[in-house]
Amino acid sequence: MGARGRPRGFDRAAALEKAMEVFWARGYAGASMAELTEAMGINPPSLYAAFGSKEELFKEAVGLYAATDDGCTLTMLEGDLSTRDSIAAMLMASARSCMRPDKPSGCFLMLGATNGGPDTDAAQAYLCDRRRDMAVRIRARLARGIADGELPPGLDLDRVTAYFATVIKGMSIEARDGADMETLAGVARSAMLGWDAITSTQA
């Protein structure tokens, strides 16, 4: 028997993708239940039956985004590219992810819950954790660069990680403010021009 309130023929995956796009465009606080249910093609009882709550729906939407629309960004840190080329590829992938023509601009992980009242605290904390995970993976790639002899021992990994994470966050804001792909690609390239200085132990 299907969950109470769930319509016949309910496509949960399709509904979740629609919810993701609403949250991505409007943010957690700005996405009303009316907007969500209209986009998902269901009524409020069906939403609660399928996802439990707005907060749980948001978390699933974030997970879907990380696995699909933004999945290629951190994947660039894996594989056999050099550390420098991995970071450069990550920044370019992030730029492309922010500018998909069929999706809201910017990065959902950066913009999905940046402010609001107490009712948004859990959503903000959840996205903060996901952003920390991004930083952890960048740091791990830099640490591998030290182990491989590509980067100098004693490099301040936290400093370098914060720099590149901040570049990604900034590109997301620029995209939401109307920047085009050429502009974001230029930011990504410019960020890499200082690679030798950024990765120096003298910085």
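So, is Ala191 buried or exposed? Ala191 is buried, at 5% relative accessible area, where buried means under 20%, exposed over 50% and partly exposed in between, with a 1.4 Å probe and protein chains only.

Quick housekeeping: this is a predicted model, where local features need pLDDT of at least 70, side-chain atom pairs count only at pLDDT 80 or more, and totals for chains, interfaces and linings use all residues. Residues are numbered from 1 along each chain as its sequence is written, and side-chain values use heavy atoms, with hydrogens and water left out.

Back to Ala191, which sits in helix 10, residues 181-193; helices are DSSP runs of H or I, at least four residues, and strands are E runs of at least two, numbered from the N terminus. Leaving aside residues up to four places away in sequence, Ala191 touches Leu91, Tyr163, Phe164, Val167 and Ile198, contact being heavy atoms within 4.5 Å. Leu91 is 100 residues away along the chain, yet the two C-alpha atoms are separated by 8.7 Å.

Now, the annotation. An unreviewed UniProt entry marks residues 32-51 as "DNA-binding region"; positions follow the numbering used here, feature names are shortened, and annotations may be inferred rather than shown by experiment. That span is 80% helix and 0% strand, and its end C-alpha atoms lie 15 Å apart.

Last, the lining of the largest pocket. Helix 5 (71-75), helix 7 (108-111) and helix 8 (121-147) each give at least two residues to that lining. By type, the lining residues come out as seven nonpolar, four polar and four charged, counting Ala, Val, Leu, Ile, Met, Phe, Trp, Tyr, Cys and Pro as nonpolar, Asp, Glu, Lys and Arg as charged, and the others, Gly among them, as polar.
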